[in-house]
Amino acid sequence: MVYQADFRENHIVIIGEEIVGLLPEYEIGEILPRRLEGILRNLEHFSGNRKMLHILAGETARLMAFLNGSSLKKEDVLRKLEELGDEEAWKIYRSYLAGRKTEFSAKFLRDFVAKRVETMKKTKTSLPGLSAFQHDGQRQGNGHNRDSNV
């Protein structure tokens with residue numbers, strides 16, 4: 001299932017750990033189309049805000065890595081983006097982790113996100129992040145279970 005583990009590992013829980021059990025869980029194949037459409041909506045919404053565009057581009061790069069078999073650990077995402085040979089995604093994500101220190105133009109970030117989302121839409125059925133899940137929720141080959149997030 002997607003979401004709970006990421007929330008526990010990567011977000012500060014202000015009202016306490018007990019909230020985690022109340023969070024919904026979703027299959028990645030179920031939420032991916034909505035996630036991709038949400039990215040495109042946010043791309044339009046944040047079109048004039050370069051800081052938010054960089055965050056969106058970083059999240060897009062992270063999603064690409066995850067769908068191609070990466071865990072959600074920052075080092076794993078960087079390694080997977082490098083393996084994929086997507087230098088732009090690697091640079092964006094590395095900069096995203098460093099507090100968006102590298103300057104990218106708003107046009108570059110918009111184009112990056114739009115292009116990668118369209119690619120993910122077209123190839124989603126052949127991506128390891130989707131095909132690696134068995135019906136029982138265990139991820140094949142890397143020991144992860146469905147408690148991963150996008």
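With which residue does Lys80 form a salt bridge? The partner is Glu83, and the closest N and O atoms of the pair are 3.1 Å apart. A salt bridge here is a side-chain nitrogen of Lys or Arg within 4 Å of a carboxyl oxygen of Asp or Glu. Side chains of opposite charge can pair when their charged atoms come close.

The model is predicted: local features need pLDDT of at least 70, side-chain atom pairs count only at pLDDT 80 or more, and totals for chains, interfaces and linings use all residues. Residues are numbered from 1 along each chain as its sequence is written, and side-chain values use heavy atoms, with hydrogens and water left out.

The structure holds ten salt bridges. Lys80 and Glu83 both belong to helix α4, three residues apart, or about one turn of the helix. Helices are DSSP runs (H or I, at least four residues), numbered from the N terminus. Lys80 is buried, at 18% relative accessible area. Glu83 is exposed, at 54%. Buried means under 20% relative accessible area, exposed means over 50%, and partly exposed lies in between (1.4 Å probe, protein chains only).

Helix α4 also carries Arg79 and Asp76, again three residues apart, about one turn of the helix. Their side chains meet in a salt bridge, at 2.4 Å from N to O. Arg79 is partly exposed, with a relative accessibility of 44%.

Another salt bridge joins the side chains of Glu103 and Arg50, at 2.6 Å from N to O. Glu103 lies in the loop between α5 and α6 (106-123), while Arg50 lies in helix α3 (residues 50-67), so the pair ties together parts that are 53 residues apart in sequence. Glu103 is exposed, with a relative accessible area of 55%. Arg50 is partly exposed, at 39%. Elsewhere, salt bridges link Glu37, Glu118 and Lys121 in a network.

Asp86 sits in the loop between α4 (74-84) and α5 (87-97). Asp86 is buried, with a relative accessible area of 14%. Its side chain reaches the backbone nitrogen of Ala89 at 2.9 Å. This is a polar contact: a pair of N or O atoms within 3.5 Å, where, within protein, one must be able to donate a hydrogen and the other to accept it, and residues adjacent in sequence count only if both atoms are side-chain atoms. Leaving aside residues up to four places away in sequence, Asp86 touches Met64, Leu81 and Arg116. Contact means heavy atoms within 4.5 Å.

Notes
Helix = DSSP H or I, 4+ residues; strand = E, 2+ residues; numbered from the N terminus.
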